[in-house]
Amino acid sequence: MAKAIAKRAVGIVLGVGLISGAVIVRGSGAQQGVPEQLKPPEGQALAAEAHAKGFQVYTCKDDGKGFNWTLKGPDAELFDKAGKKVGRHFAGPTWEWSDKSQVTGKMMTSSPSPDADSVAWLLLVATAHLGDGVLANVTNIQRLNTKGGKAPVGGCDSAHDGQESRVAYTADYFFYGK
């Protein structure tokens, strides 16, 4: 018991906390320059972060108003700060960590990327979890620092119905929990 209290006290002094055994660091650069509506709810701590490299996958569909590129989902790998692969990101949207824990989210709010040629920045809320690892207790996910990934302009018509387009993108994902 005394050891646990001492560990928690050290964590408070250093600005470090624990979520399900994973070390988290508060005060990361994740929140600098982020619009207020994209900040996680008060009391959330950073549980993990990853840089995604991959694709936003779009399908050409008739949505009743004409043919448009519709997001099918992401297809990306996740990397830590050292460049080591730590997981993947796929349709759902779902993130899977190398420990096989998963979190699926739903968008709460968005803000245009400062880069006009890039997909929006997002704040998502967790809707489902799988496994007992790093992502097990995640409640919110941010997508920031996006590059690329926007739906194609044109080229979607009846002749291309059902065709997929894979648009390269990168983004930083920040995972928060209590």
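Visitor: Which residue forms a salt bridge with Glu164?
Guide: Lys72 does, and the closest N and O atoms of the two are 2.4 Å apart. The pair links distant parts of the chain, since Glu164 belongs to strand S10 and Lys72 to strand S4, 92 residues apart. Please keep in mind that this is a predicted model.

Visitor: Is Glu164 buried, exposed or partly exposed?
Guide: Glu164 has a relative accessible area of 37%, so it is partly exposed.

Visitor: And what does Asp75 meet in a salt bridge?
Guide: The side chain of Asp75 meets that of Arg166, at 2.7 Å from N to O. This pair also links distant parts of the chain: Asp75 lies in strand S4 and Arg166 in strand S10, 91 residues apart. Asp75 is partly exposed because its relative accessibility is 36%. Arg166, with a relative accessible area of 43%, is partly exposed as well.

Visitor: How many salt bridges does the structure hold?
Guide: There are seven salt bridges in the structure. One of them joins the side chains of Glu36 and Lys39, with 3.1 Å between N and O. Glu36 has a relative accessible area of 61% and is therefore exposed, while Lys39 is partly exposed at 27% relative accessibility.

Visitor: Let us turn to the strands. Which way does S3 pair with S10, parallel or antiparallel?
Guide: Strand S3, residues 45-62, and strand S10, residues 164-177, pair in the antiparallel sense over 14 bridges. One of the positions involved is Thr59, whose bridge partner in S10 is Glu164. Glu164 is also the residue that forms the salt bridge with Lys72.

Visitor: What stands opposite Thr59 in S4?
Guide: Thr70 of S4 does. Strand S4 covers residues 67-79, and twelve bridges join S4 to S3 in an antiparallel arrangement.

Visitor: How many residues come between S3 and S4 in their hairpin?
Guide: Four residues lie between the two strands, and Gly64 in the turn has a positive phi of about 95°.

Visitor: How many of the residues count as buried?
Guide: Of the 178 residues, 40% count as buried. The protein exposes about 9800 Å², and carbon and sulfur atoms supply 55% of that area. As for contacts between residues at least 6 apart in sequence, 60% join residues at least 24 apart.

Visitor: Back to S10, please. What is Asp172 doing there without a salt bridge?
Guide: Asp172 sits in strand S10. Asp172 is buried, and the nearest side chain of opposite charge, that of Lys81, is 9.7 Å away. A salt bridge would need a side-chain nitrogen of Lys or Arg within 4 Å of a carboxyl oxygen.

Visitor: With which side chains does Asp172 make a polar contact, then?
Guide: The Asp172 side chain makes one with the side chain of His51, at 2.7 Å, and another with the side chain of Asn145, at 2.9 Å. Setting aside residues up to four places away in sequence, Asp172 touches Ala50, His51, Gln142, Arg143, Leu144 and Asn145.

Visitor: What about Phe79, buried or exposed?
Guide: Phe79 counts as buried because its relative accessibility is 14%, which is under the 20% limit. Phe79 is placed in strand S4. Beyond residues up to four places away in sequence, Phe79 touches several residues, among them Ala50 and His51.
Guide: Cys156 is in the loop between strand S9, residues 138-148, and S10. At 15% relative accessibility, Cys156 counts as buried. Leaving aside neighbours within four places in sequence, Cys156 is in contact with Cys60, Lys61, Phe67, Asn68 and Trp69. Cys156 and Thr59 are 97 residues apart in sequence, and their C-alpha atoms are 8.7 Å apart in space.

Note on methods
Residues are numbered from 1 along each chain as its sequence is written. This is a predicted model: local features need pLDDT of at least 70, side-chain atom pairs count only at pLDDT 80 or more; totals for chains, interfaces and linings use all residues. Side-chain values use heavy atoms; hydrogens and water are left out. Two strands pair if DSSP finds at least two bridges between them. Buried means under 20% relative accessible area, exposed over 50%, partly exposed in between (1.4 Å probe, protein chains only). Contact means heavy atoms within 4.5 Å. Accessible areas come from the Shrake-Rupley method with a 1.4 Å probe; for residues, only the protein chains shown count as cover. Lys and Arg count as positive and Asp and Glu as negative; His and the chain ends are not counted. A polar contact is a pair of N or O atoms within 3.5 Å; within protein, one must be able to donate a hydrogen and the other to accept it, and residues adjacent in sequence count only if both atoms are side-chain atoms.
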